[in-house]
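Trainee: I am new to this structure and would like to learn how to read it with care. Could we take it feature by feature?

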Amino acid sequence: MSRRAGLDAKPQSSLLALVTMAVLVGVPCTAEAQQARGWVGSSAQLIGMRPVVRLADPCPSETPCYTSAEPELAAVASQDLFLTAWGFGVRGLSTTLQLRTRQRLGGGFEWPRSDDPFDAMLAYADLVRGDFTFRLGRQEVRSGLGFPSFDGGMVRWTRRSLRVEGYGGRSLARGLRDPANEALRGLEDFLPDQGVYLIGTSVRGRVSGASLTARYHREILGDRSGLASERASLDVSTATSIASVRGALDYDVARRSFGKGHVTVSVPLEDARWILEGSASRYVPYFSLSTIWGLFEPVSYSEGTVRVGWAGLADWSARASFGLRRYGDPGTVVVLRPLEDTGRRASVDVMWRPEGPWAAGATYDLEWGPGGYLGSLEGTASWTPSEGTFVTASGRTFQQIEQYRLGDGRAVGAGVSGGVRVTDRLSFSGGGSVLRARTEGGVAGDPWNQTRGWSSVRLLIGRDPGSTTPGSFGR
Amino acid sequence: MRRRLGWSHLLALAAALGAVGAFAGMVSAFGGEQEEPFPHGAHAGLFPVCTGCHTVATPGSEPGFPPSAQCAQCHDGADLPPVSWTGPSETASNLRFEHASHRLDLETAEEAAATCEACHSVPGEARMRVEGRVEEAACFACHGEAQDDHFAPSSASAESCETCHVPLASTNLPMDRISGLPVPTDHLDGGFLPVGHGREAQQGAARCATCHTVDRCVACHVDTGNPVLARIPAAPPELELPPASAAYPLPESHREERWDERHAPVAEAASCNTCHTTEDCRACHVSPAPDVVGALPRRADVHAPGVGLTPDAPGTHASPFFPEAHGTLAAADDGSCATCHTESYCTDCHDAPTGASYHPSGFVAGHSAAAFGRADECAACHETAAFCRACHLESGFGSVGRLGTGYHDAEPIWLLRHGQAARQNLESCASCHEQRDCVQCHGVLGSFKVSPHQPGFDAERAWATSPRTCLACHVGNPLGGGSP
């Protein structure tokens, strides 16, 4: 069975990433870094599932078109290295690496990204000189506009509570760390066949307990024939003795339209035994200008949410939330009757966490609206005799209805996970879970049946400057 | 022939013993030990002047007690019984006092106190009524302070401690006497340790040195290069000191709300390094840490332990809603996040391909409702085409090629009604469909040529920013005329 039709081979490895990594790895080795810290880890994941297959094409009406295939297994392994090294004889110079390799261990289908054997997720050098920080290499920006990565440079100026950044370089596909034209080759016909370049700037300031960050991003096609994106965002947070307020808004400069936004007010009461929170938000999906999706003009939804947190008893806490969202007018022709345009979500969870190693909790989530319905109940119990050593057991049952496709179903699952810190540097963890479904509606079989397993080992390297314990980093 | 004791000898002996008695009393006042006080009164008629016995006339003649042989001149066992008195033993003291120079100073100043009796006799009594102990008041009578003010801070005192006292490091006081040194009243004030003692030390480190050696300072201070500390002598090896434990009272500034988050603007090595080592900062700060962190002393290089901070999450993290709110907080102030978290901490979860811990366990099996609802923006971490669609294709849900019927069978005549769903949840469409699926019908060369644009669509803007995308559906510039 081949379900990779339409997908070309893995995006080619980034030559720049390799060169950058070689330099960053080689320089520290040559210069014998004064110190380094980080970790190496290896993990393996296994999944057994029942893929869905189409029975016939074209599908005859009034008969099921899809069914579950035979269960298949797939497994993948990955190794991570995260390392920061400094002290190369140049004051303020440090290098940071986060590398990942993957191997497909076998199975009947491809684990996502398992055909990409190597990722340089982060690979940059920092040089701090007074108020300035210079960064060169593969890096990531965390912002209200997401987490774009790029190969390039960044200059940051910081003076007390004011920080100004400017950065630019070759833009990478989100989450893939490869240029978009390489990473998405074979997945889309209308994506640019050239690189995209990112420039951006941000200003952050803090005044009287309020923090404000304004950011601007502009992505340009390599041949300058157009934009891939042009956006700006504003994030604000502040807190008083009564309440904290957080707000965010982004704006699509290229399309002259507002994107996501929200404002949230949190009020702790009675020494934070109660927390009341209310938020108003707006969401509209963002698509790159290089896809047609944005030109389809998706509509936004507006949502109001209230949350209550309570920790009135010594060992108990609970919280509940409810949100109601309404979609804007889609402006489409209504045939028969309009589809659902109102969504709701509610959640209640209770946690029991006494002094000592035991804890337990239960969560009920309910979400229904356009496209899908989910009612889920999950309970967990954990035993943590010491830091890094734990055993957790969980059970879950849920009902899921997918409005726009085939029927609905119920599922029951359970899992167990555990970990142990062998030394202050070495830890192991692993776990497994099973999910058994009973599907109702048109689909034969149980496509949600899953069996999952995972294991990992992590070894800490080095320590913080002057620290006598190795485990204080990477939090 | 036995030699008779002459009057001159008797007088000399009496004077000597009287002086001895007077001096013994003074020494006793400062801690000296004497087996039995000399009976000055019984010898009053023998010694007309104190200095006949107490040779304190010249500098360096302390303690000025007569040798026992001088007593034996009379107490020879024949006329008078022999005595074994040898005077007080040499006594440890922290006084800066020399009789000769003190007397010269007084004489120069023409002070009436320039006599032995002024200090050593009972006021109003005969000269040889020597007090066994010289009261401190005798010192204070001339040295300007009431006795209550003896321990007043240097700033409030006309006299400084070093006028009368040598630094503790220059004494050989036994440990019990060091432990028993009186505690000045200002030391008992609650603000003395966190604030007052530093100010006082800067104004007059000699006052500190009177009762302390620098060893006491560096039991807490990690700033061993502090110039004030350099003015307080260290204890010689032979001086045994009481054990000193470190104490780090919380300064008033540190009691401010959210101090752990707001201390950065006022953090300076010159002030932080009093109590904190770089390890204290590193308990939370990860690299690259602010310069001030590296400027602080290392714990291994100092005697004091430093405060010994342990990681403590900011108050915002305690909110039960923090998991939902952390994105906004990070976006508004990611510099604060980077204090304690490395980038990998974010990418461990937010990295799309293999992130394992961001979503709860079992999330994948039931993620469709969450994906439709978009409580979180999936595209913040996931490239829709490569991540969502690739997996959906593997699972059999993804679309390849021209659309067939049968999948969206929960809604009748789906093809005619899908527009609303697409406008509301276009990301979900894109998680299974590729653009070509849409272009097949919506493109100008497609089956139905249905415009996907809303009324009022800014075509000029779209063409100006991304003409290549327009050409996915149009065969030419749709604004240029002639081309559809």
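Trainee: What percentage of the residues in chain A is buried?

Mentor: A residue is buried if 20 or more other C-beta atoms, placed from the backbone, lie within 10 Å of its own, exposed if 12 or fewer, and partly exposed in between; in chain A, buried residues make up 42% of the 475 residues. This is a predicted model, where local features need pLDDT of at least 70 and side-chain atom pairs count only at 80 or more, while totals for chains, interfaces and linings use all residues. Residues are numbered from 1 along each chain as its sequence is written, and chains are lettered from A in the order in which they are written.

Trainee: Which residues touch the most other members of the largest nonpolar core?

Mentor: Such a core is a set of buried Ala, Val, Leu, Ile, Met, Phe, Trp, Tyr and Cys residues joined through C-beta atoms within 7 Å; here it has 20 residues, and those touching the most other members are Ile292(A), Trp293(A), Phe296(A), Ala422(B) and Leu426(B).

Trainee: How should I read pLDDT in chain B, and where does it stay under 50?

Mentor: pLDDT is the predictor's confidence in each residue, from 0 to 100, and chain B averages 75, with 77% of the residues scoring at least 70. It stays under 50 over residues 11–34 of chain B and over residues 352–356 of chain B. Where pLDDT is low, the predicted coordinates should not be read in detail.

Trainee: What ipTM and pTM does the complex have?

Mentor: The predictor gives the complex an ipTM of 0.80 and a pTM of 0.67.

Definitions and conventions
Two residues are in contact if their C-beta atoms, placed from the backbone, lie within 7 Å.
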